[in-house]
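These are my notebook entries on one protein chain.

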Amino acid sequence: MLKQLRAEANEFNGKRSLLIVLIIIATSLLLTTFLPDDPASFGPAALIPAVFLIIYIFATKRILEALTLSSIIGFIMVSQGDTLGAFSGSLLEVMMNEDIAWLIIVCGLMGSIISLIEKAGGAFAFGEWVSKRAKTRKSALIWTWLLGLVIFIDDYLNSLTVGSSMAPLTDKHKVPREFLAYVVDSTAAPACVIIPITTWAVFAGRLLEANGWAPEGEGLIYFIKTIPFNFYGWIALIIVPLIILGIIPTFGPMKKAEQRVKDGGPLAPPGSEKIDIRSGVVVDLPKNPKIMNFLLPIVVLVGATIYFDVDMQMGVLITIAFMFVFYLAQNVMTAEDFTDVSLQGLKNMILPLMLMVLAFLFADVNDQIGFTYYVISSASAYMTPALMPVTIFLVLAVTEFITGTNWGMYVIALPIVIPLAMGMDVNMSLAVAAVLSAGVFGSHVCFYSDATVLTSAATGCNNFDHALTQAPFGILAAILSAICFLVAGFIF
């Protein structure tokens, strides 16, 4: 089967593809005859869709098909015969979900904002300004890291803005797109999870209130208590400049990517044009590109987001309105141009958004078959108070790597972990930090998480290759974090 999948990945054949899909579905239907009627009693069988997903992705590198087929397997298991109805109902529920609606609005309009900044010449002017100060490969990447620290308010805003604006500069210095994607991705979420004025902090704070650890209205204060223990966020953030400066050498797939570029190969890995939000777009720049056409929209975006209680949706809406007035007043584009460019930006985000919708669909069916609950409950049998933080971190890192929805994992895991930690008299700040750290790590190394997909789209790097080349450094940070959680578990 693996050989057939690899052959299909290399050379498409319609009949062979159909045969493989039919075999997968038939095998799934056969397996369901041995399953109990209640999904809560599936036990180890809850791992089947996840295991298939990982095998299929590594065998074919086709993430859209992998998510779709894995979801179908899950719905076959849970539907008891009405697979199509279960699939359709869950898809509709996911599309009507408030988080997905927010995702489509925010990420779609962020695509528009990026396209408008490029059309107005802001991105070009910013690149010229930075290139005068970043004259070497290392300095260009350090600037990328620093810009990621400055735009800390949200990881989506961070990845899309920093990735799209720095790609032209790092291209001049022959930096593989995989390396740029790593720097951007490993700065965005880690910064968000250790800074209290971010969308992550607001979301996590509300969950801490809802699940009984933080008193009403004090969620942000209790989130701040977790920051010193958020080991993965700190370590992942610190490792980035160490790798840029060569203190930690590149290794694994990233080293191969660098060798490809040194040998005169392309900056981006094969297939990157499909997800690159700038691919195939030729921008006619104004005669005198101004850096303020980049800086002011970003300042308005960050400022408006903070002003409206860290509401990213309000931030992008205010920014679009500001850009309309600001750009038309300068006569750098007409109202028709503004509309056309905005729509093009939305179109550029279709593939990333589709990947994220499918990831949410897969996460939803995993919830229905009890995947996360089974993994946590199985691990809890071996926990002691001292070992709980490191166990929680490792177990949830694996589940997040598979499900790919960090905030979604928090919604499921915190109601289980908080009472468990309270009952075992574990340091609550440490236990909650283990959950938050696991979410960041899992989303980094997952091939279809929002962090991976958006960073890939912004930097123009195939999301499979981005996740694959970033994984060794993420795993390095995770190993160091696990040691810290282990030591802290005994100390605290």
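I count a contact when heavy atoms lie within 4.5 Å. By that rule, residues 24 or more positions apart account for 78% of the contacts in the chain with a separation of 6 or more.

I note that this is a predicted model, in which local features need pLDDT of at least 70 and side-chain atom pairs count only at pLDDT 80 or more, while totals for chains, interfaces and linings use all residues. Residues are numbered from 1 along each chain as its sequence is written, and side-chain values use heavy atoms, with hydrogens and water left out.

**Entry 1: overall form**

I looked up the secondary structure and found 24 helices and zero strands. Helices (H or I, at least four residues) and strands (E, at least two) are DSSP runs, numbered from the N terminus. I then noted that the C-alpha atoms fill a box of roughly 70 × 60 × 45 Å along the principal axes.

How does the radius of gyration of the chain stand against that of a compact globule? For 492 residues a compact globule would have a value near 23 Å, and the chain, at 23 Å, agrees. The radius is taken over C-alpha atoms, and the globule rule is 2.2 Å times the number of residues to the power 0.38.

**Entry 2: interior**

I found that 56% of the 492 residues count as buried. Buried means under 20% relative accessible area, exposed over 50%, and partly exposed in between (1.4 Å probe, protein chains only).

The largest nonpolar core has 161 residues, and Tyr410 and Tyr448 have the most contacts inside it. Helix 22 (residues 428-445) gives the most to this core, with twelve residues. Such a core is a set of buried Ala, Val, Leu, Ile, Met, Phe, Trp, Tyr and Cys residues joined through side-chain atoms within 4.5 Å. Leaving aside neighbours within four places in sequence, I listed the contacts of Tyr410, among them Trp200, Phe203, Val435 and Leu436.

Is Phe393, with its 0% relative accessibility, buried or exposed? Phe393 counts as buried because its relative accessibility is 0%. Phe393 is in helix 20 (residues 388-403). Its C-alpha atom is separated by 4.8 Å from that of Ala434, 41 residues apart along the chain. Not counting residues up to four places away in sequence, Phe393 touches residues including Tyr232, Ala434 and Phe485.

I looked up Ile475 in helix 24 (residues 463-491). Ile475 counts as partly exposed, because its relative accessibility is 42%.
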